[in-house]
Amino acid sequence: MDRTHLRVVTDDLYFIASRLKEIDPTYYVVYNLVKSRYEVHSDEQRGGSLCFVVPYGTLDARTLDYAKKTRNPSFGKSAARRKIW
């Protein structure tokens, strides 16, 4: 898969890229040059690395709130470790 249009974001004004790792250590931020948007990826995501598209034009605290709301709590856990009700 050609990913030359994706630029990994490691430094940003509000340290959002590093603070996302507190929510999920597998998350990383990229800027998609073709679509002109920020995306959050994880290489542990099944079916592709894209977890979500940042719904704002900038990286700020809203991105962290969005990540907390949309994260699947069982992501990254094996089926045996998930609680079944």
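Reader: What makes the contact between the side chains of Arg37 and Glu39 a salt bridge?

Author: In this predicted model, the side chains of Arg37 and Glu39 come to 2.8 Å, N to O. The cut-off is 4 Å between a side-chain nitrogen of Lys or Arg and a carboxyl oxygen of Asp or Glu. The value of 2.8 Å is within 4 Å, so the pair counts as a salt bridge.

Reader: Which residue stands opposite Glu39 in β4?

Author: Val53 in β4 stands opposite Glu39.

Reader: How do you know that β3 and β4 pair?

Author: Strand β3, residues 37-42, and β4 are joined by 3 bridges in the antiparallel sense. Pairing requires at least two bridges, so the 3 bridges here are enough for β3 and β4 to count as paired.

Reader: What is the strand order of the sheet, and what makes β1 and β4 its edge strands?

Author: The order is β1-β2-β3-β4 in an open sheet of 4 strands, with antiparallel pairing. Strands β1 (6-9) and β4 (50-53) each pair on one side only, and this makes them the edges. Neighbouring strands of the sheet are turned against each other by 35 degrees on average, direction ignored.

Reader: Where do the helices lie relative to this sheet?

Author: Helix α1, residues 16-23, lies across β1, β2 (27-32) and β3, and runs at about 145 degrees to β2. Helix α2, residues 61-70, packs on the sheet and touches β2 and β4, with its direction at about 130 degrees to that of β4.

Reader: How do you know that the buried residues of α1 line one face?

Author: The buried residues in α1 are Ile16, Ala17, Leu20 and Ile23. Seen down the helix axis, they fall within an arc of 95 degrees, so they line one face of α1. An α-helix has 3.6 residues a turn, so residues three or four places apart point the same way. The buried residues of α1 pack against β1, β2, β3 and α2.

Reader: How many salt bridges does the structure hold, and what puts Arg71 and Asp24 among them?

Author: The structure holds 3 salt bridges. For Arg71 and Asp24 the distance is 3.0 Å, N to O. That is within the cut-off of 4 Å, so the pair counts as a salt bridge.

Reader: Why do the two partners fall into their accessibility classes?

Author: Asp24 has a relative accessible area of 3%, which is under 20%, so Asp24 is buried. Arg71 is at 24%, between the cut-offs of 20% and 50%, so Arg71 is partly exposed.

Reader: What makes Arg62 and Asp60 a salt bridge, and how is each residue classed?

Author: The closest N and O atoms of Arg62 and Asp60 are 2.9 Å apart, which is within 4 Å, so the pair qualifies. Arg62, at 40% relative accessibility, counts as partly exposed. Asp60, at 16%, counts as buried because the limit is under 20%.

Reader: Why is Gly57 called exposed?

Author: Gly57 is at 66% relative accessibility, and exposed means over 50%, so the term applies. Gly57 is placed in the loop between β4 and α2. The C-alpha atoms of Gly57 and Tyr38 are separated by 7.5 Å, while the two residues are 19 apart along the chain.

Reader: Is Ser42 buried or exposed, and how do you know?

Author: Ser42, which lies in strand β3, has a relative accessible area of 0%. That is under 20%, so Ser42 is buried.

Reader: How much of the protein chain counts as buried?

Author: Of its 85 residues, 32% count as buried. The accessible surface of the protein chain comes to about 6100 Å², and 53% of that belongs to carbon and sulfur atoms.

Conventions. Residues are numbered from 1 along each chain as its sequence is written. This is a predicted model: local features need pLDDT of at least 70, side-chain atom pairs count only at pLDDT 80 or more; totals for chains, interfaces and linings use all residues. Side-chain values use heavy atoms; hydrogens and water are left out. Helices (H or I, at least four residues) and strands (E, at least two) are DSSP runs, numbered from the N terminus. Axes are lines fitted to C-alpha atoms, for helices over the stretch in contact, and angles run from 0 to 180 degrees between N-to-C directions. Contact means heavy atoms within 4.5 Å. Buried means under 20% relative accessible area, exposed over 50%, partly exposed in between (1.4 Å probe, protein chains only). Accessible areas come from the Shrake-Rupley method with a 1.4 Å probe; for residues, only the protein chains shown count as cover. The arc is that of the directions from the helix axis to the C-beta atoms.
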